[in-house]
Amino acid sequence: MKTFSLSWKYLWAKPLSLLLNVVLYGLGMGIVIFLILAQEQLSGNITNNSKSIDLVVGAKGSPMQLILSSIYHVDYPTGNIALKDAEKLTINRFVKTAVPLALGDAYKGVRIVGTTSKYVEIYNAEIETGELWKHEMEVCLGAFAAEKLNLSVGDEFVGQHGLADGGYEHDEHSKFRVVGILAPTGRVIDQLIHANIEAVWAVHQLEENHEETEQTDSVTGVNFSQLIPSVNLHSVDSLREITSLLIGYRSPMGAMQLPRYVNQKTNMQAASPAFEMARLLTIVGVGVEVFEVFAYIILAVALLSVLISIYSALKDRKYDLAVMRALGASKSTLFRSIVMEGMMVAFIGTVIGLCFGHLMIELVGFYMGSGSSFSGAIFSNKEVLVAVLGLMSGAVVAMIPAYELYKDDVSKTLTAD
Amino acid sequence: MLSTRNVFKKFDSRSELRFPDMDLKDAEQCVLVGDSGTGKTTFLHLLAGLLQLDSGKIIINENELNQFNQVQLDRFRGQNIGLIFQKSHLISALNVYDNVALAQQLAGQTEDRQLIEDLLRELDIYEKRFEKINTLSQGQAQRIAIARALINKPKLILADEPTASLDDKNAKIVAHLLIGQAERCEANLIIATHDQRVKDFFDKEIRIEKNEDVLA
């Protein structure tokens, strides 16, 4: 029987105490692992989605709101900007790429983004089925959007006004037709419906015309709906608006000049995704830190529990240890055996914690839907460090009572009865 | 073979114990007698190296215990000395078999399943080998303690009041076992006791008189 086996048998002799210690340890470790994974995957997701986008230009308002609405599609836009102003900016010498976005509609909670095919290039997305949208009222779905909406190539739907689910439906004449579905990228593009920017204008233009017709209809009693001509988009260019413009710099100098120019010389706002997301992570980081402190407190309590249980177990086993010394065990052998017990509790707790942490992040991902970037199958290098530190803490904690052995007088213990 | 000379142990500034010189030939057995408090247990612990001598010599099979460092002493004890206590003091987290196997492991030897099982058969506790300690009678427990002390084929068996908590029948069985096993191992056997039931089995008796000096 090896030291390992002896330590395990001692632990197994008190299953409830073992269970309490490993569960407590596993809980603390699980929260730490979950926070590490959540933080890494969140910041990875943030970085991943804003890659190739140096600047977002939109209506004045909160810069973070502009970034969240135009890149991550999780907030409402700050407003619209005039197309002609946006066009002026695209010919600026610091601008290499400029992708327009027109937001405002959704279908069953999935946002419809009026844009150009350059938007797909930003995310290196590829067509899986069908083709990219070319004509007005053609749409291409992100992989998750297609799965969520259960739509396939050839299907038609009518968009709803507003970005949330439950908005009123647009005119039935403004039906979108699915012409393609993108392959999954793990980025925000998976969760969107992409259409021509003109299509978004057309839907609203049709509606305005229809409303005017309906008004006429109600006044004269004549149905004019069949007489509505197709919208002539170019006749109203000067009135057209877009939500934002995703800009890529031509050179790093752009970062110095362009935002200042936009913010000071135009009635638009420029926001840097890198800066705003760093700010967001700092704000989120405060919350994460609170959780981290909480997790470390649980871990400390678990370690204290291990310490107390080994201490009290050693009191009960004082005679056992003296007998083992009488049988020829050296102090170092018994020291190793006790430290091994602490390490075993820490090891089992760490394994439970790793499973728990990954399960939690997987559940979060599951709850948020398959479009979420949270996954329990992704591992972090930091986990190895935390697991090693966890094992070491178990050993260190067990060393404290084990050290008491060195003070024990075997002869006195054996004759104490 | 065992011999002691001028063995002296000082516990604190108030008390000290002197023990008689002793010589045992190979496989010789004796009983250590004396009133309570005369230091029988202390003497056994000194012979086992569980206590350090303050002066004198203990030589076991030509090895002088004082010459060993702590690690060497622990190893020597594990491989050459079998200890049996008044109470069996088996390890309750382990079953019968593991209690005996543990003694082999702690002595730095490889677990010998055949040897352990043969010994348990000889002591008539083979059937109990996988049972928990708390299911055993006192007599059975003491037999396992004997098996544990004998498994490494020690050259010296030291037993401290091994029959004190046993009834007549079990006391006789345990005494017979100890004597028989010591003969089989060709080991010296020293039993510290004031149990007349045990004393009767031995020809050689070493008496420890009360000689504690109160210094202050």
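This is a predicted model: local features need pLDDT of at least 70, side-chain atom pairs count only at pLDDT 80 or more; totals for chains, interfaces and linings use all residues.
Residues are numbered from 1 along each chain as its sequence is written, chains are lettered from A in the order in which they are written, and side-chain values use heavy atoms, with hydrogens and water left out.

At the interface, 26 residues of chain B are in contact (heavy atoms within 4.5 Å) with 25 residues of chain A. The buried area, meaning the accessible area (1.4 Å probe) that the two parts lose on being put together, summed over both, is about 2200 Å², and carbon and sulfur atoms give 64% of it. On the side of chain B, the most area is lost by H89(B), Q105(B) and L106(B), which together account for 25% of what that side buries.

Two salt bridges (a side-chain nitrogen of Lys or Arg within 4 Å of a carboxyl oxygen of Asp or Glu) are counted between the chains. One of them joins K9(A) to D98(B), with the closest N and O atoms 2.4 Å apart.

Within chain A, helix α9 (residues 273–316) packs against helix α11 (residues 331–368) at an angle of about 145 degrees, and their axes are 11 Å apart. Axes here are lines fitted to C-alpha atoms over the stretch in contact, and angles run from 0 to 180 degrees between N-to-C directions. V306(A), I310(A) and L314(A) of α9(A) meet I338(A), G342(A) and V345(A) of α11(A).

Note on methods
Helices (H or I, at least four residues) and strands (E, at least two) are DSSP runs, numbered from the N terminus.
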